[in-house]
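This briefing is meant for a reader meeting the structure for the first time. Please keep the sequence and the model in view while reading, and follow the topics in order.

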Amino acid sequence: MKRSQSAEDYLECILLLSKENEFVHRVEVARRIGVSQPAVQKAVKILAEQGYIECDGMHLFLTGQGAEYAEKIYERHCIIRSFLTLHGVNAADADADACEMEHVISETTFGMMKNYVINYKG
């Protein structure tokens, strides 16, 4: 899949909601991301066509491929957030910045951040 911030945000949101609840509904995704339900419906259609999610009419489920991709994005978010907080950025700003940065930094930069966080001795 060509990287798309919007698609990645939806996948990450569905992943996090699925960790909180047994079932994920479109309305929960709309609330969490801050978009309209028609916007969610359009994204669901696209993500289902790409094989990342399935829908049984009421509930959204990540496919194996979708879960793998969503976990990768969420890992990037967590590592970047940790890297920023280890460098003195407050938690709220680090989280907001990680939401943006997770989509645009190179694998090389992410690898450096991940290595730093994993090996941080504080």
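Which pattern does the protein follow when read along the sequence? In this predicted model, the order along the sequence is α-α-α-β-β-α-α-α, and the secondary structure comes to six helices and two strands.

**Overall build**

- Taken along the principal axes, the box filled by the C-alpha atoms of the protein is roughly 50 × 25 × 25 Å.
- The protein has 122 residues, of which 34% are buried, and its accessible surface comes to about 7000 Å², with 54% of that surface belonging to carbon and sulfur atoms.
- Among the contacts in the protein with a separation of 6 or more, 58% are made by residues 24 or more positions apart.

**Helix α1 against helix α3**

- Two packed helices are described by the angle between their axes together with the distance between those axes.
- Helix α1 covers residues 5–20 and helix α3 covers residues 37–49, and their axes come within 11 Å and cross at roughly 95°, which makes α1 roughly perpendicular to α3.
- On the α1 side the contact is made by A7, Y10 and L11, which meet A39, V40, A43 and L47 on the α3 side.
- Sorted by class, the residues of this contact of α1 with α3 are seven nonpolar, no polar and no charged.

**Helix α1 against helix α4**

- Helix α4, which spans residues 64–86, packs against α1 at an angle of about 90°, and the axes of the two helices are 9 Å apart, so α1 and α4 are roughly perpendicular to each other.
- From α1, the residues E8, L11, E12, L15, L16 and K19 meet Y69, A70, E71, I73, Y74 and H77 from α4.
- The contact of α1 with α4 divides into seven nonpolar, one polar and four charged residues.
- L11 of α1 takes part in the contact with α3 and is also listed in the contact with α4.

**Cysteines**

- A disulfide is a covalent bond between the sulfur atoms of two cysteines.
- How many disulfides does the count come to? With a cut-off of 2.5 Å between cysteine sulfur atoms, the count comes to zero disulfides.
- C13 is in no disulfide, and the nearest cysteine sulfur, which belongs to C99, is 11 Å away; C13 is buried, with a relative accessible area of 5%.
- C78 is likewise in no disulfide, with the sulfur of C99 as the nearest cysteine sulfur at 10 Å, and C78 counts as buried because its relative accessibility is 17%, where buried means under 20%.
- C55 lies in strand β1, which is made of residues 53–55, and at 33% relative accessibility C55 counts as partly exposed.
- Leaving aside neighbours within four places in sequence, C55 is in contact with R26 and L60; R26 is 29 residues apart from C55 along the chain, and their C-alpha atoms are separated by 9.8 Å.

**V35 in a loop**

- Is V35 found in a helix or in a loop? V35 is found in the loop between α2, residues 26–33, and α3, and at 30% relative accessibility it counts as partly exposed.
- Not counting residues up to four places away in sequence, V35 touches Y10, A30 and V40, and of these, Y10 and V40 also belong to the contact of α1 with α3.
- The C-alpha atoms of V35 and A98 are separated by 20 Å, and the two residues are 63 residues apart along the chain.

Terms used:
Residues numbered from 1 in each chain as written. Predicted model: local features only at pLDDT ≥ 70, side-chain atom pairs only at ≥ 80, totals over all residues. Heavy atoms only, no water. Axes fitted to C-alpha atoms, helices over the stretch in contact; angles between N-to-C directions. Helix = DSSP H or I, 4+ residues; strand = E, 2+ residues; numbered from the N terminus. Parallel < 35°, antiparallel > 145°, perpendicular 65-115°, else oblique. Contact = heavy atoms within 4.5 Å. Nonpolar A, V, L, I, M, F, W, Y, C, P; charged D, E, K, R; others polar. Buried < 20%, exposed > 50% of the residue type's maximum accessible area, 1.4 Å probe, protein only. Areas by Shrake-Rupley, 256 points an atom, 1.4 Å probe, with all protein chains shown as cover.
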